[in-house]
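My plan was to go from the whole chain down to a single residue.

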Amino acid sequence: MSDLKKLQEAYDALKGSGLKLNIERGQPGDDNFDLSNGLLTIVDEHDVRTPSGFDIRNYPGGVKGLPEMRTIAAEILGIAPAETIVGNNASLKLLSGVLTWALLKGLPDSNAPWVKSPSPKMIVAVPGYDRHFTMLHALGFQMEVVNMTGRGPDIETVAKLAAADPEIKGIVFVPTYSNPTGETVADEVVDRLVSMKTAAPDFTVFADDAYAVHHLTNSPRRPKNLLTAARAAGNPHRVILFGSTSKITFAGAGLGFLGASESMIDYLAKLFGTQFIGPNKAEHYRHAKFLGNYPGGVAGLMQAHAALLKPKFDAADAILSRELGGQGLAEWTTPEGGYFISLTTARPIAARVVELAKNAGLSVTPAGATYPFGKDPGNSNIRIAPTRPPLPELEKAMEALTLCIKLASAELEAAGK
Ligand code: PLP
C-alpha cells in the first residue's frame, strides 16, 4: 500500500473516532486558573480600604491605578511604579486606547495628530499576533510587514522603513517569548529600536510584553529593557510597554497595564481621564493583595504555572519529533517561555492541514492567522497552542495534527507538487 493510501486510511480512522479537541487559542488550563482562585475571596466586607488609603467602593484613586498594583505592574515590566498606568481587564484595550488617542491628538513628540497623515502606517512583525493586525486595520493603519528573525523583528528592514517614511508611526511587536514564535528580542535589536533615526519625530515602539514573566525554564530570558534603553538613548518617548495578568491570574478577568516615561504617563493619563474617573479599584486591590501574598510573589506564581505548562510543551515537542522528526516535512520552535509553538511546513499546506484537522474534530488556529489579513504568503505557518487541554487530550491532539501534516504533505507529493 502506498504511503498516501496508508495515511488516508489512518486519517479516516481518526475522523471516525469522534475527536473534539482544541489547540486553537492560547488560553491557560483550568489547573492554571485554580492557582489564582484565592483572588475570589481575598478581599471581603471587612477589608475595603487599601494600605495606600483608598476606599475601594468610592471614586477617589486616580486614573493611573492603585499604587499597590502599579508597584506590581512595574515589577513585571521591569520599570518604576511612576512609569506605569494600570487599567482594567485587557492590555489590548490600553494598546487600542493609546493608538486611538495618537490618531486623534498625537503623542508628546508629534507635530500633528496621526489622522492628519494621509495614510498612517505601522510596522508589524510576522509571524505575529492576529489581534494586533485586526486592531491596526480597524483603526485605519496600513501595515508594513517585516519578518521575525529569531532575535526579534528584522531590524535592518525596520530601520530602513522608519528612516524613509514619516507616515510610519511605529512598530507593534512582542519582545519576550513572542506570539507565536517564542523568540525574545536581542540586545542589539533593542539598542537599534531605541536609537535609530526615524523620519517621524513621534515614531513609537509599541512593545506588547504579554509574556514578560512567562518563563518555562529555570534560566529566564529577560531582554534588555526597552523603556530604560530608550531613556538612555535620549528618546524617552520612543517606547510604550504593555502587559497584563491575563496569563498570570485570570484570562480577560485580570488587569492590563502599560509602561512609559513619566511625562508620557502624565500625557496619557490626562487623555484617559477624559473618558472615565478611574479603573476598577476593587479588582486592583484584590490583585495587589493576592499577588503580594503569593509565596514568592509574581515570580513564585509563574513558577507554579511553569510546573503545569512545561510538561505540555515537552509532550507536544516529543510527539512532533517522533512523528515528523528527520523527514523534512516541518520545522517547529522549542520555546523557553510564552504560550505557543510555531510550526512551519516545508510545503505550502498550512490551510489544508487546518482543514483536515477541523474535519477530524481538532480545532487549530486558522492558517494565515499569524499574518495580516490572514494571508500567509508561504501558506506554511501553523500556530500550536498547547496550554489549555489537559495532557492526555493534548497528546491526542498532537498525534492528530502530525497525521494531518503527513497526509497533506503526501497529497501534495502525489500531485507532483
Ligand atoms: N498580547 C499578546 C501578544 C497576546 O498573545 C495576548 C493573548 O493571547 C494578548 C495580548 C491579550 O492580552 P489581554 O488579555 O491583556 O488583552
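I noted the ground rules. This is a predicted model, where local features need pLDDT of at least 70, side-chain atom pairs count only at pLDDT 80 or more, and totals for chains, interfaces and linings use all residues. Residues are numbered from 1 along each chain as its sequence is written, and side-chain values use heavy atoms, with hydrogens and water left out.

Next, overall form. I found 13 helices and 12 strands, as DSSP runs numbered from the N terminus (helices H or I, at least four residues; strands E, at least two). The C-alpha box along the principal axes is roughly 75 × 55 × 35 Å.

Of the 417 residues, 56% are buried (under 20% relative accessible area; exposed is over 50%, partly exposed in between; 1.4 Å probe, protein chains only). I checked contacts (heavy atoms within 4.5 Å). Of those between residues at least 6 apart in sequence, 75% join residues at least 24 apart.

Last, I picked Pro 118. Pro 118 sits in the loop between helix H4 (91-105) and strand S3 (121-126). Pro 118 counts as exposed because its relative accessibility is 76%. Glu 167 is 49 residues away from Pro 118 in sequence, yet their C-alpha atoms are 7.8 Å apart.
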